[in-house]
Amino acid sequence: KSFHSSKVQVTANPFLGDDVKIGVSAILLGGIKVGSRVTIAAGSLVSSDVPSDSFVFGNPHRVIDKFGN
């Protein structure tokens, strides 16, 4: 699914795993895979795959924490 709102912009159908939280004004570019249990901080630009159990932020995004299972 793709969607665009004033809060979050998603392009070209990225794959989103379960329990993904996306902050306000984040941008997810097309063709990427976001694993399960990921939090994307507000204003982040996600341009490549994100592993499961991660917290990411920034432009371009950086993984700043990996949560244990």
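**Figure 1. Salt bridge between Lys21 and Asp19 in the predicted model.** Lys21 and Asp19 form a salt bridge, in which the closest N and O atoms are 3.1 Å apart; the term denotes a side-chain nitrogen of Lys or Arg within 4 Å of a carboxyl oxygen of Asp or Glu. Lys21 is partly exposed at a relative accessible area of 44%, and Asp19 is likewise partly exposed, at 47%. Here buried stands for under 20% relative accessible area, exposed for over 50%, and partly exposed for values in between (1.4 Å probe, protein chains only). Under the salt-bridge rule the count is two. The model is predicted, so that local features need pLDDT of at least 70 and side-chain atom pairs count only at pLDDT 80 or more, whereas totals for chains, interfaces and linings use all residues. Residues are numbered from 1 along each chain as its sequence is written, and side-chain values use heavy atoms, with hydrogens and water left out.

**Figure 2. Asp53 and Arg37, joined through their side chains.** A salt bridge links the side chains of Asp53 and Arg37, with an N to O distance of 2.6 Å. Asp53 belongs to the loop between S7 and S8, and Arg37 to the loop between strand S5 (33-34) and S6, so the pair ties together parts that are 16 residues apart in sequence. The side chains also make a polar contact at 2.6 Å, a term for a pair of N or O atoms within 3.5 Å; within protein, one atom must be able to donate a hydrogen and the other to accept it, and residues adjacent in sequence count only if both atoms are side-chain atoms. Asp53 is buried, with a relative accessible area of 10%, while Arg37 is partly exposed at 42%. The loop that holds Asp53 runs between strand S7 (45-46) and strand S8 (54-57).

**Figure 3. Strand S8 and its pairing partners.** Two strands are taken to pair if DSSP finds at least two bridges between them. S8 pairs with strand S6 (residues 39-40) in the parallel sense over two bridges, and Phe55 of S8 is the bridge partner of Thr39. With strand S9 (residues 62-66), S8 pairs in the antiparallel sense over four bridges; there Phe57 stands opposite Arg62. The covered face of S8 carries Ser54 and Val56, and the uncovered face carries Phe55 and Phe57. In a regular strand, side chains alternate between the two faces of the sheet. The hairpin of S8 and S9 has four residues between the strands, and Gly58 in this hairpin takes a positive phi near 105 degrees.

**Figure 4. The open four-stranded sheet.** The strand order is S3-S6-S8-S9, with mixed pairing. Strand S3 (21-22) and S9 are the edge strands, each pairing on one side only.

**Figure 5. The chain as a whole.** The protein has zero helices and nine strands; helices (H or I, at least four residues) and strands (E, at least two) are DSSP runs, numbered from the N terminus. Of its 69 residues, 32% are buried. The protein exposes about 4100 Å², of which carbon and sulfur atoms supply 54%; accessible areas come from the Shrake-Rupley method with a 1.4 Å probe.
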